[in-house]
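Please consult the sequence and the structure shown here while reading.

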Amino acid sequence: VPEFDGSLQRAVEGLVGRWAEGKVAGSDLDGLTPQQVKATLTLLFERETATLETVQTLDKLFNFSSYKNCDILNSWCRLAIQARYEPIVPVALAFVSRQGRMKYVRPIYRDLFKWSEQSDKAVEMYHSKKSFYMGICRNMLTKDMNSILGS
């Protein structure tokens, strides 16, 4: 049985633990790969441990809302929506309006549909862009919207 070096994952776990406690430093991303950054944001989302204040600090220090890497931006949008970080809404809507891949679009729309104060914006964006999405994506988004919002 081969032995694997878990140092990359340990760095992610350590960062998730610190960020979950609100301990964020400007040097936290130094030396991390894009995959580690994505993994950190994804774990924070999955564990539901980031507060609104932590998300605000993360965006101020690392400007995640302006990232061009689709995987990182997707994970960031989901985390920020979960924390109800209002400045993420136009970012997330712009992302789903130009990104047609269901792996990115569907989770963000679902998260926005569940945010009652922002669901109307998500519905409006979906209707304005639905012809842009492939048929299966359109069908799944319509089902999600109807299931979550009861429309």
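## Basis of the report

The structure is a predicted model. Residue numbers count from 1 along each chain as its sequence is written.

## Packing of α7 with α8

Two packed helices are described by the angle between their axes and the distance between the axes. For helix α7 (residues 119-129) and helix α8 (residues 135-149), the axes come within 12 Å and cross at roughly 155°. An angle over 145 degrees counts as roughly antiparallel, and α7 and α8 are therefore roughly antiparallel to each other. The crossing in which α7 passes α8 is left-handed.

On the α7 side, the contact is formed by Ser-119, Val-123, Tyr-126 and His-127. Helix α8 contributes Arg-138, Leu-141, Thr-142, Met-145 and Leu-149. Sorted by class, the residues of this contact between α7 and α8 comprise five nonpolar, three polar and one charged.

## Packing of α5 with α7

Helix α7 also packs with helix α5 (residues 88-98): the axes of α5 and α7 come within 10 Å and cross at roughly 20°. Angles under 35 degrees count as roughly parallel, so α5 and α7 are roughly parallel to each other. The crossing of α5 past α7 is right-handed.

From α5, the residues in contact are Val-89, Leu-93, Val-96 and Ser-97. Their partners on α7 are Lys-121, Ala-122, Met-125 and Lys-129. Five nonpolar, one polar and two charged residues make up the contact of α5 with α7.

## Trp-19 in helix α1

Trp-19 belongs to helix α1 (residues 7-20). How large is the relative accessible area of Trp-19? The value is 0%, and Trp-19 is therefore buried, given that buried means under 20% relative accessible area.

Residues up to four places away in sequence aside, Trp-19 touches Val-24, Asp-28, Leu-29, Thr-40, Leu-41, Leu-44, Thr-54, Leu-58, Phe-62 and Phe-64. With one of these, Asp-28, the side chain of Trp-19 makes a polar contact to the side chain at 2.7 Å. The C-alpha atoms of Trp-19 and Gln-82 are separated by 15 Å, the two residues being 63 residues apart along the chain.

## Thr-54 in helix α3

Thr-54 is located in helix α3 (residues 52-62). With a relative accessible area of 7%, Thr-54 is buried.

Which residues does Thr-54 touch, not counting residues up to four places away in sequence? They are Trp-19, Gly-22 and Val-24.

## Positive phi in two loops

Asn-63 lies in the loop between α3 and α4 (70-82). Its phi is near 50°, a positive value in a residue other than glycine. Asn-63 is partly exposed, with a relative accessible area of 41%.

Arg-84 is found in the loop between α4 and α5. Although Arg-84 is not a glycine, its phi is positive, at about 60°. The relative accessible area of Arg-84 is 34%, and Arg-84 is therefore partly exposed. The partly exposed class lies between buried, under 20%, and exposed, over 50%.

Key
This is a predicted model: local features need pLDDT of at least 70, side-chain atom pairs count only at pLDDT 80 or more; totals for chains, interfaces and linings use all residues. Side-chain values use heavy atoms; hydrogens and water are left out. Axes are lines fitted to C-alpha atoms, for helices over the stretch in contact, and angles run from 0 to 180 degrees between N-to-C directions. Helices (H or I, at least four residues) and strands (E, at least two) are DSSP runs, numbered from the N terminus. Angles under 35 degrees count as roughly parallel, over 145 as roughly antiparallel, 65 to 115 as roughly perpendicular and the rest as oblique. A crossing is left-handed if the near helix is turned anticlockwise from the far one by less than a right angle, and right-handed if clockwise. Contact means heavy atoms within 4.5 Å. Ala, Val, Leu, Ile, Met, Phe, Trp, Tyr, Cys and Pro count as nonpolar, Asp, Glu, Lys and Arg as charged, and the others, Gly among them, as polar. Buried means under 20% relative accessible area, exposed over 50%, partly exposed in between (1.4 Å probe, protein chains only). A polar contact is a pair of N or O atoms within 3.5 Å; within protein, one must be able to donate a hydrogen and the other to accept it, and residues adjacent in sequence count only if both atoms are side-chain atoms.
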